[in-house]
Amino acid sequence: MITPTPKKILLVDDDRFLLDMYAIKFTKANYEVKTADSTDAGLKLVRDGYIPDIILSDIVMPGMDGLEMVDAIKKENLAPKATIIMLTNQGSSDDVARARKLDIDGYIVKATTVPSEVLHAVENILVSKKPI
Ligand SMILES: [Mg+2]
């Protein structure tokens, strides 16, 4: 049997603790993980040629927020095939509305920060999307 190529996931969150927890979880689940603790760092990675299969990003971050970063990535066509998933704060319908406008693939309400639940949510979104 051929082992499938690990999917590349870019994790963007200004909370280093969450970022590290998710990085460990996704690495263990055979994803190839890159992390960025700011939108600037995330944007720089893709502008420098890193092409993730999945972008999982927080929204509320200092400077440019996660949705603005995704908007820039889309406008510059930096990761056209990437599945884009946002971590939103509970009850922030404004964020959800903005996320919908950007045509992202899914969002995870940030009340669910248990890494295994986030992994599960990401995999559900991937299954519901076309293969990448
Ligand atoms: Mg944040």
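A residue counts here as buried if 20 or more other C-beta atoms lie within 10 Å of its own, as exposed if 12 or fewer do, and as partly exposed in between, with C-beta atoms placed from the backbone. Helices (H or I, at least four residues) and strands (E, at least two) are DSSP runs, numbered from the N terminus. The structure is a predicted model, in which local features need pLDDT of at least 70 and side-chain atom pairs count only at pLDDT 80 or more, while totals for chains, interfaces and linings use all residues. Residues are numbered from 1 along each chain as its sequence is written.

Strand 3 (residues 54-58) runs parallel to strand 4 and is joined to it by 5 bridges, with D58 standing opposite L87. To get from strand 3 to strand 4, the chain passes through helix 3 (residues 66-75), and this β-α-β crossover is right-handed. That label applies if, with the strands pointing away from the viewer, the path from the first strand over the helix to the second runs clockwise. Strand 5 (residues 106-109) also pairs with strand 4 in the parallel sense, this time over 4 bridges, and Y107 in strand 5 is the bridge partner of M86.

Zooming out, 5 strands make up an open sheet with parallel pairing, in the order 2-1-3-4-5. At the edges sit strand 2 (32-36) and strand 5, each of which pairs on one side only. On average, neighbouring strands of the sheet are turned by 20° against each other, direction ignored. For such angles, axes are lines fitted to C-alpha atoms, for helices over the stretch in contact, and values run from 0 to 180 degrees between N-to-C directions. Over on the strand 2 side, strand 1 and strand 2 run parallel and share 5 bridges, and K8 stands opposite E32 of strand 2.

Now for the helices. In helix 3, the buried residues are G66, L67, M69, V70 and I73. Seen down the axis of helix 3, these buried residues fall within an arc of 155°, so they line one face of the helix; the arc is that of the directions from the helix axis to the C-beta atoms. Their cover includes strand 1 (8-12), helix 2 (39-47), strand 3, strand 4 and helix 4 (93-101). Contact means that the C-beta atoms of two residues, placed from the backbone, lie within 7 Å. Just after helix 3, N77 takes a positive phi of about 55°.

Helix 1 (residues 16-28) lies across strand 1 and strand 2, at about 170° to strand 2. Helix 5 (residues 115-128) lies across strand 3, strand 4 and strand 5, at about 140° to strand 4.

P115 belongs to helix 5 and counts as partly exposed because it has 18 C-beta neighbours inside 10 Å. Although P115 and Y22 are 93 residues apart along the chain, their C-alpha atoms are separated by 5.5 Å. Leaving aside neighbours within four places in sequence, P115 is in contact with M21, Y22 and K25. V60, in the loop between strand 3 and helix 3, is partly exposed too, with 16 other C-beta atoms within 10 Å.

As a whole, the chain has 5 helices and 5 strands, following the pattern β-α-β-α-β-α-β-α-β-α along the sequence. Of its 132 residues, 33% count as buried. Among contacts between residues at least 6 apart in sequence, 60% join residues at least 24 apart. Along its principal axes, the C-alpha trace spans about 45 × 30 × 30 Å. The chain has a radius of gyration of 14 Å, which agrees with the value near 14 Å for a compact globule with 132 residues; the radius is taken over C-alpha atoms, and the globule rule is 2.2 Å times the number of residues to the power 0.38.

Definitions and conventions
Two strands pair if DSSP finds at least two bridges between them.
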